[in-house]
Amino acid sequence: MRALLPLLRTGWAWRAGSPAAARLPRGKSAGPGPHRAMAFYRTEERGQPYSPDYRLFFKNVAGHYISPFHDIPLKVDSTEENGIPTKRARNDEYENLFNMVVEVPRWTNAKMEIATKEPLNPIKQDTKDGKLRFVANIFPHKGYIWNYGALPQTWEDPHQKDKSTDCCGDNDPVDICEIGSKVLSCGEVIHVKILGILALIDQGETDWKIIAINVNDPEASKFQDIDDVKKYKPGYLEATLNWFRFYKVPEGKPENQFAFNGEFKNKAFALEVIKSTHECWKTLLMKKCDGGAINCTNVQVCDSPFHCTQEEARSIVELVSSSSNKGRSKEEEQVWHFLGK
């Protein structure tokens with residue numbers, strides 16, 4: 001247990017409560033065909049949904065706990081995923097395939113997100129002033145109007161000013177809006193085609209929003225770039241712009257602003273943003289920049305100074321279930337004291 005202390009940071013905010021039992025994994029295959037991202041990953045719940053204690057942890061195909069932020073490859077055509085060789089890209093379409101971690105299913109309101117400041121970065125429901133966060137319904141829509149999530153192994157550096165927006169990053173992985181027809185599940189890992197990007201400016205920070213489609217969507221072959229969204233899903237980009245403009249207004253906040261006057265940039269532009277934020281993530285994982293409270297604990301980036309063993313990762317997760325004082329060992333108490341619990 002003492003070995004876990006260097007892996008834990010003060011940003012880890014588990015709340016004390018009754019012990020939480022693990023539930024059955026609920027990750028599903030991304031669909032038929034060669035692109036079965038979820039076959040490489042599954043999820044495990046700890047705590048009750050819609051509670052501050054709820055966490056959704058990720059496991060690889062071998063059953064080892066991993067970080068969805070740091071251990072899932074960005075590109076689908078990586079030579080390996082969790083040690084399993086994958087086929088190299090054979091054409092431009094395959095070169096445009098990326099992994100997406102689904103945080104929020106379409107038409108739902110709970111603001112689920114990768115916990116960037118906690119070890120192994122499970123998905124949790126965001127809180128504000130001690131209350132769970134739910135986005136408001138922006139007329140005429142219900143909840144999020146796409147499957148919403150993040151690109152793993154990307155990071156918008158809050159200390160680096162973006163040349164195109166003149167604003168620094170928002171300290172998160174790059175957000176992604178998946179526009180396919182299927183309602184996905186929280187924690188699914190799918191393969192997506194990048195189509196374009198929107199530059200939201202949130203309280204003076206750059207908050208990129210990638211537009212993409214599930215490669216297994218029945219209509220995915222129609223979509224190659226942002227103009228195809230305008231052609232085959234007329235009104236969707238306008239609805240997306242309005243949603244991001246107004247979704248914080250019901251909380252008493254002003255309308256959000258956008259770079260480029262709210263213009264959606266094309267695939268080529270989006271791929272450059274992804275490339276840049278992936279380089280920022282590499283710098284973060286190699287401890288070559290100030291990551292602040294970001295937790296970089298990982299299992300598979302072996303040359304990272306934040307790398308941990310499979311046993312240490314399992315101990316981190318099991319510690320979540322030890323959320324009451326009853327039955328804790330002296331060493332566990334030291335860790336929980338370190339966490340301020």
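1. Disulfides. A disulfide here is a pair of cysteine sulfur atoms within 2.5 Å. The whole structure, a predicted model, holds zero of them. Cys168 is in no disulfide, and the nearest cysteine sulfur, that of Cys167, lies 7.6 Å away. Cys168 is partly exposed, at a relative accessible area of 23%, whereas Cys186 is buried, at 9%. Buried means under 20% relative accessible area, exposed over 50%, and partly exposed in between (1.4 Å probe, protein chains only).

2. Ground rules. Residues are numbered from 1 along each chain as its sequence is written, and side-chain values use heavy atoms, with hydrogens and water left out. In this predicted model, local features need pLDDT of at least 70, side-chain atom pairs count only at pLDDT 80 or more, and totals for chains, interfaces and linings use all residues.

3. Confidence. pLDDT is the predictor's confidence in each residue, from 0 to 100. Its mean over the protein is 85, and 77% of residues reach 70 or more. For residues 8-34 the pLDDT is below 50, yet this stretch has 86 contacts in the model beyond near neighbours in sequence. Residues 80-90 are also below 50, with 32 such contacts. A contact means heavy atoms within 4.5 Å.

4. Overall make-up. The protein has six helices and 15 strands. These are DSSP runs numbered from the N terminus: helices are H or I with at least four residues, strands E with at least two. Of the 341 residues, 54% count as buried. Among contacts with a separation of 6 or more, 67% join residues 24 or more positions apart.

5. Strand 13. Strand 13 covers residues 189-202 and pairs with strand 14 in the antiparallel sense over 10 bridges. Two strands pair if DSSP finds at least two bridges between them. Strand 6 (residues 97-104) pairs antiparallel with strand 13 over five bridges, and Met100 has Ile190 as its bridge partner. Strand 15 pairs with strand 13 in the antiparallel sense over two bridges; there Ile201 stands opposite Gln257.

6. Strand 14. Nine of the 10 residues of strand 14 (residues 205-214) are buried, so this strand too is largely enclosed by the rest of the structure. Facing strand 14, Leu198 stands opposite Lys209, and Ile197 has Ile210 as its bridge partner. The hairpin of strands 13 and 14 has two residues between the strands, and Gln203 takes a positive phi near 50°. Strand 12 (residues 175-178) pairs with strand 14 in the parallel sense over four bridges. Cys177 is bridged to Ile211.

7. Cores. A nonpolar core is a set of buried Ala, Val, Leu, Ile, Met, Phe, Trp, Tyr and Cys residues joined through side-chain atoms within 4.5 Å. The largest has 51 residues; among those touching the most other members are Trp146, Ile211, Trp243 and Phe244. Helix 3 (residues 236-246) gives the most to this core, with six residues. A second, separate core of 22 residues includes Met100, Leu151, Val192 and Ile201.

8. Helix 3 packing. Its buried residues include Tyr236, Thr240, Trp243 and Phe244. The buried residues of helix 3 pack against elements including strand 13, strand 14 and helix 2 (226-232). Leaving aside neighbours within four places in sequence, Trp146 contacts Tyr236, Thr240, Trp243 and Phe244, among others.
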